[in-house]
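Trainee: I would like to learn how to read the features of a fold one by one. Please start with the terms and then turn to the case at hand.

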Amino acid sequence: MITLATWNVLHRVHAENWGEDVLNSWPDESERIAAVTERLVGRAEQVIALQEVSGDQLAGLRRALTDRTVHTLRYPRVPAPRQDGPCSLRDPGEYLVLLVDGPSREVATVSFEDDRGKGALAVEVAGTLIVATHVSGDQRRTRQLARLAELAATPPGHAAVLLGDFNTDRATVASALGTGFAVADLPSDALPTRPHPSGSASPWIDHVVVRGAGVSSAAVESADGLSDHNLVRATITM
């Protein structure tokens with residue numbers, strides 16, 4: 001059994017470029033980073049996947065979570081403000097992160113060729129392949145999900161888990177990944193994982209996907225305004 005969670009913590013530059021409501025509640029990014037870090041210090045899950053982690057946020061996590069292994073993928077693209085003016089971050093780089101409690105081994109890092117600000121980070125935990133990912137929100141997702149299916153194609157008898165921000169609904173993810181993958185079904189009264197989607201996008205775009213394993217206790221927890229995404233947690237059984 002592995003307990004895990006996934007949370008898009010919102011990169012400050014993306015928040016500014018898209019005018020996210022978080023800016024009104026947390027005008028000081030250093031204070032928001034400290035609050036996000038404090039929230040994660042209190043989490044009990046064995047594996048936590050994070051998307052849109054700034055270099056400043058990552059530094060805070062490293063200082064506070066000395067009891068966890070911190071696996072990272074730094075994207076080739078560095079987010080840049082659309083408006084002229086200084087960036088509020090010391091390190092504006094963007095990272096995909098896996099926080100692991102216990103032994104783990106990094107297996108692969110993938111920056112998607114068609115989007116240099118999205119990708120996948122794979123580690124092995126207790127004999128299970130765990131893949132954190134952030135997928136593009138347009139038709140590029142088709143190629144990216146196919147790449148994720150390849151990455152999670154473990155030998156028979158071995159389990160794989162994909163978790164992260166897929167930027168699309170559960171049915172689309174399941175269809176694109178294909179036979180053998182199961183996307184965790186959230187309770188009917190679950191909070192949206194992305195409370196304020198744009199256009200006709202689904203408000204449930206953060207997922208836990210398993211192959212060769214069972215998934216239970218999937219739920220969404222409020223981020224209380226710390227990010228534009230809520231946190232998703234689940235338990236995996238082999």
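Mentor: Two strands pair if DSSP finds at least two bridges between them. Helices (H or I, at least four residues) and strands (E, at least two) are DSSP runs, numbered from the N terminus. This is a predicted model, in which local features need pLDDT of at least 70 and side-chain atom pairs count only at pLDDT 80 or more, while totals for chains, interfaces and linings use all residues. Residues are numbered from 1 along each chain as its sequence is written, and side-chain values use heavy atoms, with hydrogens and water left out.

Trainee: Which way do β5 and β6 run, and how many bridges join them?

Mentor: β5 and β6 (residues 119-125) run antiparallel and are joined by 6 bridges. One of the bridge pairs links T109 to L121 in β6.

Trainee: What is the strand order in the open sheet that holds β5?

Mentor: The order is β5-β6-β7-β8-β10-β9, an open sheet of 6 strands with mixed pairing. β5 (105-111) and β9 (181-183) each have a single partner strand, so one side of each is left without a neighbour in the sheet. From one strand to the next, the twist averages 20°. For such angles, axes are lines fitted to C-alpha atoms, for helices over the stretch in contact, and angles run from 0 to 180 degrees between N-to-C directions.

Trainee: Which strands does helix α5 lie across?

Mentor: Contact here means heavy atoms within 4.5 Å. Helix α5 (residues 141-151) lies across β5, β6, β7 (128-134), β8 (160-165) and β9, and runs at about 165° to β7.

Trainee: What is the order of the open sheet that includes β1?

Mentor: That open sheet has 6 strands in the order β3-β4-β2-β1-β12-β11, and its pairing is mixed. Its edge strands, β3 (69-74) and β11 (214-221), pair on one side only. Neighbouring strands are turned by 20° against each other on average, direction ignored. Within the sheet, β1 (residues 2-8) and β2 (residues 47-54) pair in the parallel sense over 5 bridges, and W7 stands opposite L50 in β2. Helix α4 (residues 55-64) lies across β2, β3 and β4 (94-100), at about 145° to β2.

Trainee: How many helices and strands does the protein have?

Mentor: The protein has 6 helices and 12 strands. Its radius of gyration is 17 Å, close to the 18 Å that the globule rule gives for 238 residues, so the protein is as compact as a globular protein of that length. The radius is taken over C-alpha atoms, and the rule is 2.2 Å times the number of residues to the power 0.38.

Trainee: How many cavities of 30 Å³ or more does a search of the whole structure find?

Mentor: Rolling a probe the size of a water molecule over the atoms shows where empty space is left. On a 1 Å grid over the protein atoms alone, a cavity is a set of points where a 1.4 Å probe fits but cannot get out, and a pocket is an open set with protein on both sides within 12 Å along at least five of seven lines; lining residues have an atom within 4 Å of a point. Grid points are joined across faces, edges and corners, and a volume is the space filled by probe spheres set on the points. The search finds 2 cavities of that kind. The largest has a volume of about 40 Å³ and is lined by W7, R39, R43, E221, S222, A223 and L231.

Trainee: Which residues of the largest pocket's lining lie nearest its centre?

Mentor: W18, E52, K118, N167 and R194 do, out of 30 lining residues. The pocket's volume is about 800 Å³, and helix α1 (residues 12-18) gives the most to the lining, with 4 residues.
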